[in-house]
Amino acid sequence: MSLKLGVIGTGAIGQDHIRRCSQTLLNSQVVAVTDINLEQAAKVVADLQIAAEVYPHGHALINSPQVEAVLVTSWGPSHEEFVLAAIAAGKPVFCEKPLAVTADGCRKIVEAELAHGKRLVQVGFMRPYDEGYRALKRVIDSGQIGEPLMLHCAHRNPRVGENYKTDMAITDTLIHELDVLRWLLNDDYVSVQVVFPRKTSKALAHLRDPQIVLLETAKGTRIDVEVFVNCQYGYDIQCEVVGETGIARLPEPSQVQLRSEAKLSNAILMDWKDRFIGAYDVELQAFIDGVRVGQVGGPSAWDGYAAAVAADACIEAQGSGQIVKIGLAPRPHFYD
Ligand code: NAP
């Protein structure tokens, strides 16, 4: 039997996930959708030719007996309310990042899930489902390069729109590193400093770009992440782990190697959607499979909370230029 899903938010990623759940993944069926713009929700149902009912709002969808599990893909500030409502209804919920826009909001979700007594929430951090990061983690966990001492990472976008502000380099861009590097190292951050190199002439006046985020973990590993969102040349994600006895690098996405016009070359992707397209399929299939066997896994509400706490510290560090402590409470055993 297919899992009957309700989707709240039919914007860019909502449409993408509806298509994915209806056409690509196994054992899932989108039976309900809603959006603040109901006409858009109805259009998505018609365009994708799915037999889904359009609900007047998210709460009606969550409480419908037709809906077995919920996907929250609306804009960030509405996530907390819908995830809490899904937990109150005892329904599994996949929530796109951010879990909530404040660390307090994430904490409330953690407490609601703890009170419920069983995991219901998976956060839409997709990088732990990327083939390359999984291969890198296998190498680290095997001990082949010894203990990780330093990580050198980069998150580069060709360019960003004029609505993109300096703090969004943390909340919208670095947030993926904040999640995946904790997972990769099985460690937590304890402090952060943000430094700003010479500004690129390609960034708009209000935006400080690039920036370098320097993180320290509880085990003492040092991480530098270059966030450069107007790099022009491509969407480029780099991660190099320096261990005691060797170095492991995130593999490049597979591209045809070209020998032509006296050059040997590999194309670089331009769009983030292309870079992680496979990971989105795997993360949602994992949610569907987990719900069907009664075991939601993957990035948890605690991981969403940890990312939010770290992001708040990074934003403070952007402003102060100082080293800022990242004070995360011990993880409840529930999330082990
Ligand atoms: P989007 O295109 O703006 O879509 C959001 C949709 O939610 C819009 O149709 C919006 O309607 C609707 N909405 C807002 N408030 C709502 C409410 N209370 N109830 C129902 N619908 C509501 O944005 P997006 O790019 O799809 O992003 C959505 C979320 O996914 C964001 O949190 C974003 O950070 C996340 N995301 C994650 C990834 C990833 O890599 N994991 C990638 C992309 C996006 P209006 O437009 O009328 O306000």
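Buried area is the accessible area (1.4 Å probe) that two parts lose on being put together, summed over both. By that definition, domain 1 and domain 2 bury about 2000 Å² between them, and carbon and sulfur atoms give 66% of this area. The structure is a predicted model, in which local features need pLDDT of at least 70, side-chain atom pairs count only at pLDDT 80 or more, and totals for chains, interfaces and linings use all residues. Residues are numbered from 1 along each chain as its sequence is written, and side-chain values use heavy atoms, with hydrogens and water left out.

**Domains**

- The protein chain is divided into domain 1 (3-127 + 277-306) and domain 2 (128-269 + 316-335), with bounds that come from an automatic or database domain assignment.
- To the contact (heavy atoms within 4.5 Å), domain 1 gives 24 residues and domain 2 gives 22 residues.
- Of the area that domain 1 buries against domain 2, 46% is supplied by Phe125, Arg127 and Trp302, more than by any other three residues.

**Ligand site**

- The ligand is surrounded by 23 residues, each with a heavy atom within 4 Å of it; the closest are Ile13, Asp35, Trp75, Glu96 and Tyr280.
- Ten residues of this shell are nonpolar, ten are polar and three are charged, where Ala, Val, Leu, Ile, Met, Phe, Trp, Tyr, Cys and Pro count as nonpolar, Asp, Glu, Lys and Arg as charged, and the others, Gly among them, as polar.
- A ligand nitrogen atom is 2.9 Å from an N or O atom in the Glu96 side chain.
- The protein buries 73% of the 910 Å² that the ligand exposes when taken alone, as computed by the Shrake-Rupley method with a 1.4 Å probe.
- Two or more residues of the shell come from each of α1 (12-24) and α4 (79-88); helices (H or I, at least four residues) and strands (E, at least two) are DSSP runs, numbered from the N terminus.

**Backbone features**

- Most residues other than glycine have a negative phi, and most peptide bonds are trans.
- Lys97 and Pro98 are joined by a cis peptide bond with omega of about -5 degrees; Pro98 is in the loop between β5 (93-96) and α5 (103-116).
- A cis peptide bond also runs from Asp209 to Pro210, with omega near 5 degrees, and Pro210 belongs to the loop between β8 (189-195) and β9 (211-217).
- Gln49, although not a glycine, has a positive phi of about 55 degrees and lies in the loop between α2 (38-48) and β3 (53-54).

Notes. A polar contact is a pair of N or O atoms within 3.5 Å; within protein, one must be able to donate a hydrogen and the other to accept it, and residues adjacent in sequence count only if both atoms are side-chain atoms.
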